[in-house]
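Please look at the sequence and the model shown here before reading on. The text after it leads through the structure step by step.

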Amino acid sequence: MRNKRHGRNHFTGACLIITVTAAELEAQKQDAQERLEEMDQQKAKLEDMLNDVRQKCQEESQMISSLQSQIHSQELDLQSQEEELGRAKADLNRLQQEEAQLEQSLQAGRIQLETIIKSLRATQDEINQARSKLSQIQDSQHEISKSIEQYSSTLNGTHGGSMTNLADMSEGFPEKENGGFGAMF
């Protein structure tokens, strides 16, 4: 009897252990299930965060590509502007050289013009002197012509047929600078 009791107790103890173990396993299972659900939630959050990061990385990558394109375009523009600046400097240098040459030519032209003006003035002075001399010569010729007429008239006896002394007659005519009529006779 004792063995039967002992067997029952043993069986009851075993059942109790199994029941406790099953309850613990169920509790552990429940705990594991909760932790699994929590990990699934965390995984979903992490996946969302990962997707956000990927999207941001893609946006950043697109922005970087866009900025690189802008930088490349600006570098090309800068290179073009530098080339244009180089051409402008070359044109400016050429124009400055042309200006210097034109200034030299202008200066030479001024000197030549001054020389020509001096020559023209000298020529004009000579012309004026020549005109003055010509006028004097013409006046002298006119006086000589009048004198010749008077002498001819006297020699031909137009004054009543009487001959007058030529020396007396020459006293009535003015003497000229270049040897007057008195010097002629």
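Predicted model: local features only at pLDDT ≥ 70, side-chain atom pairs only at ≥ 80, totals over all residues.

Residues are numbered from 1 along each chain as its sequence is written, and side-chain values use heavy atoms, with hydrogens and water left out.

The protein chain holds three helices and zero strands, and its pattern along the sequence reads α-α-α. Here helices (H or I, at least four residues) and strands (E, at least two) are DSSP runs, numbered from the N terminus. Helix α1 covers residues 2–155.

How much of the protein chain is buried? Of its 185 residues, 4% are buried. The term buried stands for under 20% relative accessible area, exposed for over 50%, and partly exposed for what lies in between (1.4 Å probe, protein chains only). The protein chain exposes about 16,600 Å², of which carbon and sulfur atoms supply 54%. Such accessible areas come from the Shrake-Rupley method with a 1.4 Å probe, and for residues only the protein chains shown count as cover.

Next come the charged pairs. Side chains of opposite charge can pair when their charged atoms come close. A salt bridge is counted where a side-chain nitrogen of Lys or Arg is within 4 Å of a carboxyl oxygen of Asp or Glu. By this rule there are three salt bridges.

One of them joins the side chains of Arg35 and Asp31, at 3.7 Å from N to O. Both residues lie in helix α1, four residues apart, about one turn of the helix. Arg35 is partly exposed, with a relative accessible area of 49%, and Asp31 is partly exposed with 34%.

Which residues are linked in a network of salt bridges? They are Asp91, Arg94 and Glu98. Asp91 pairs with Arg94, their closest N and O atoms being 3.7 Å apart. Asp91 and Arg94 are separated by about one helical turn because they are three residues apart in helix α1. The side chain of Arg94 also meets that of Glu98 in a salt bridge, at 3.1 Å from N to O. Arg94 and Glu98 are four residues apart in helix α1, so about one helical turn separates them. Asp91 has 39% relative accessibility and therefore counts as partly exposed. Arg94, with a relative accessible area of 40%, is partly exposed, and Glu98 is partly exposed at 35%.

The surface also has patches. Patches are made of residues with over 30% relative accessible area and no salt bridge; like charges are joined within 9 Å, and nonpolar side chains (Val, Leu, Ile, Met, Phe, Trp, Tyr) within 5 Å. Lys and Arg count as positive and Asp and Glu as negative, while His and the chain ends are not counted. The place of a charge is taken as NZ of Lys, CZ of Arg, CG of Asp or CD of Glu.

A patch of negative charge on the surface gathers Glu34, Glu37, Glu38 and Asp40. Among them, Glu34 lies in helix α1 and is partly exposed, with a relative accessible area of 43%. A nonpolar patch on the surface is formed by Met63, Leu67 and Ile71, which together have about 280 Å² of accessible area. Ile71 has its place in helix α1 and is partly exposed, with a relative accessible area of 45%.

Is Thr154 buried or exposed? Thr154 has 6% relative accessibility and so counts as buried. Thr154 is in helix α1, and a polar atom of its side chain lies 2.8 Å from the backbone oxygen of Gln150. A polar contact is a pair of N or O atoms within 3.5 Å; within protein, one must be able to donate a hydrogen and the other to accept it, and residues adjacent in sequence count only if both atoms are side-chain atoms.
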